[in-house]
Amino acid sequence: MTSYILEQVRMIGGSEPVSILVEEGMISAIRSSFPHYRFMRGDVSPFVMGPTHVFCDLEYPEYLQHQGSMDEYTTKGCTTILTAFPLEYEYEFEQNWRGIKKAMQLSPLDFIIGMKTTPQRITPGIIRKCRARKVPVIWVDIMDADALTVIPWGWIREALNHYPITFVPFFSTEPDTQTRERHLRIWQNTMKSVKIPHIGVPIGQKVPLKPEVLRKIGIHPHRGILSPGREISYNLYLEKVPEGDLLVRDTQHVLKCTMSKGECLFLNGHPTAYRGKGEEIVIRTPGFFVEPTPYRL
């Protein structure tokens, strides 16, 4: 791959423009300038730069097989999907895991595979299978929140040693507000009391995941950050001042370009991603945290 320098980079959340040295598709260094390097240079001063997004979509494999277009994701600066395979019975684990792996071979986006199931299926055996297959997150259906009390949490916590999988609640059927709040209280109180890695509320679907969620699951620092030692994946935006706003308090960021590992997925309103380009991101250590640089969304 070609080595080059991106100059006059204005980071979202940054104070001063910087220069980014890229070598072999990776960010080698971020400095104020690189005056003594004889690499090809690109001026990106008309734009502001931010990391690409990670979306959660539990229905992504089915969507992928029945929809030809990935515009819903790429036009929003998403390059990575967090998804899951369902598990109804323990003996189906290997079959369902292999099934989603095969389905995701069509993906134009990188992907991370989790599992979704009911409280009754959370056993030490399942945790060991998840650990062996590097499944970093388990969604637990809390429509029957009282079932959380019958899980052998002591054994689960022991099985999580060396691979602390993150547990996330979801509702298989959307309940009324009162039921939702009650079940979430049960979930949060249970998770805190048993000291299991968890997220307290359901993760939003088809929207950028927040940095704290990325860190909790272990996706950060693999995605959602621009720093030395990481791949060169970023979004470029134009800043647009809302019309009629005489006192400019905020600007809108209009996505113009998405680069993923040095290749363009979206350019000036036109998605360019193609099926089969995505790769699986294997989370070796869920919840691994590296103090981020200021250059992140």
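Some conventions apply throughout. Residues are numbered from 1 along each chain as its sequence is written, and side-chain values use heavy atoms, with hydrogens and water left out. Because this is a predicted model, local features need pLDDT of at least 70 and side-chain atom pairs count only at pLDDT 80 or more, while totals for chains, interfaces and linings use all residues. The pLDDT is the predictor's confidence in each residue, from 0 to 100; the protein chain averages 89, and 91% of the residues score at least 70. Over residues 290-297, however, the pLDDT is below 50, although this stretch has 25 contacts in the model beyond near neighbours in sequence, a contact being heavy atoms within 4.5 Å. Where pLDDT is low, the predicted coordinates should not be read in detail.

Turning to the strands, β2 (residues 18-23) is mostly covered, since 5 of its 6 residues are buried; helices (H or I, at least four residues) and strands (E, at least two) are DSSP runs, numbered from the N terminus. Two strands pair if DSSP finds at least two bridges between them, and β2 pairs in the antiparallel sense with β1 (residues 4-11) over 4 bridges, Ile 5 standing opposite Leu 21. On the hairpin that links β1 and β2, with 6 residues between the strands, Gly 13 takes a positive phi near 90°. Strand β3 (residues 26-31) is joined to β2 by 5 bridges and runs antiparallel to it, with Ile 30 as the bridge partner of Ile 20.

An open sheet is formed by 5 strands in the order β6-β7-β8-β9-β10, with parallel pairing. β6 (53-56) and β10 stand at the edges with a single partner strand each, so one side of each is left without a neighbour in the sheet. Neighbouring strands here are turned by 30° against each other on average, direction ignored. Helix α3 packs on this sheet, touching β7 and β8, and its direction makes about 155° with that of β7, where axes are lines fitted to C-alpha atoms, for helices over the stretch in contact, and angles run from 0 to 180 degrees between N-to-C directions. β6 is joined to β7 (residues 78-86) by 4 bridges, and Phe 55 has Ile 81 as its bridge partner in β7.

Helix α4 (residues 124-132) has among its buried residues Pro 124, Ile 126 and Cys 130, and what covers the buried residues of α4 includes α3 (93-103), β8 (110-117) and β10 (166-170).

The largest nonpolar core has 63 residues, of which Trp 139 and Phe 167 touch the most other members; such a core is a set of buried Ala, Val, Leu, Ile, Met, Phe, Trp, Tyr and Cys residues joined through side-chain atoms within 4.5 Å. A second, separate core of 17 residues includes Ile 20 and Met 259. Met 191, in helix α6 (residues 177-194), is buried with a relative accessible area of 0%, and its contacts beyond four places in sequence include Trp 153 and Phe 167.

Finally, a few backbone details deserve attention. A cis peptide bond, with omega of about 10°, joins His 220 and Pro 221, and Pro 221 is found in the loop between α7 (211-217) and β11 (234-240). Lys 195 has a positive phi near 60° and counts as exposed at 65% relative accessibility.

How values were computed
Buried < 20%, exposed > 50% of the residue type's maximum accessible area, 1.4 Å probe, protein only.
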